Amino acid sequence: MTFTRVCAAEELWEGKMESFTVEGREVLVVHVEGGFQAYEGLCPHQSVPLVEGTLEGCVLTCRTHHWKFDVRTGAGINPARARLRPLPVRVEDGQVQVGEPGEVA
């Protein structure tokens, strides 16, 4: 599996999110509850950049139509049928790295 470095782990503080361009696509990395999660960076509803939304605790709210997601799992809260598309993520030598969609870390 190929991983791409997106940032140093210390650069993305607990409770924060940031968007990165990886291989021409937008990737959202979130640091919550001591770990990192990565997702495709566009809302599944209307492809609005998720980084433009708000993160309160573990709930990400899209700015456009206020869809809500649990960033620990990517599961939709409102609507429940929605889901963020996860990406493999790891921290190696203090660097946050993201893999390709569909690959397993």
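## Cysteines without a disulfide

A disulfide is a pair of cysteine sulfur atoms within 2.5 Å, and in this structure, which is a predicted model, a search of the whole structure finds zero of them. The case of Cys43 shows how the cut-off applies: its closest cysteine sulfur belongs to Cys62 and lies 3.8 Å away, which is too far for a bond because a disulfide needs the two sulfur atoms within 2.5 Å. Cys43 has 3% relative accessibility and therefore counts as buried.

For Cys58, the closest cysteine sulfur is that of Cys7, and at 18 Å this is too far for a bond. Cys58 also counts as buried, with a relative accessibility of 14%.

In soluble globular proteins, nonpolar side chains tend to be buried together. In this predicted model, the largest nonpolar core has 17 residues, and the residues with the most contacts inside this core are Val30, Leu55, Leu60 and Val71. Strand E3, which covers residues 25-32, supplies the largest share of this core, namely three residues.

What does Val71 touch, when residues up to four places away in sequence are not counted? The residues in contact with Val71 are Val30, Val32, Gln37, Tyr39, Leu55, Cys58 and Leu60. This list includes Val30, Leu55 and Leu60, which are named together with Val71 among the residues with the most contacts inside the largest core, and it also includes Cys58, the cysteine that counts as buried at 14% relative accessibility.

The peptide bond that runs from Asn78 to Pro79 is cis, and its omega is near 5 degrees. Pro79 has its place in the loop between strand E8, which covers 76-78, and strand E9, which covers 86-87.

Ser47 is not a glycine, although it has a positive phi of about 60 degrees. Ser47 is found in the loop between strand E4 (35-40) and strand E5 (54-56), and with 47% relative accessibility it counts as partly exposed.

His66, which is not a glycine, has a positive phi of about 65 degrees. The loop that holds His66 lies between strand E6 (59-61) and strand E7 (68-70), and His66 counts as partly exposed at a relative accessibility of 49%.

Definitions and conventions:
Residues are numbered from 1 along each chain as its sequence is written. This is a predicted model: local features need pLDDT of at least 70, side-chain atom pairs count only at pLDDT 80 or more; totals for chains, interfaces and linings use all residues. Side-chain values use heavy atoms; hydrogens and water are left out. Buried means under 20% relative accessible area, exposed over 50%, partly exposed in between (1.4 Å probe, protein chains only). A nonpolar core is a set of buried Ala, Val, Leu, Ile, Met, Phe, Trp, Tyr and Cys residues joined through side-chain atoms within 4.5 Å. Helices (H or I, at least four residues) and strands (E, at least two) are DSSP runs, numbered from the N terminus. Contact means heavy atoms within 4.5 Å.
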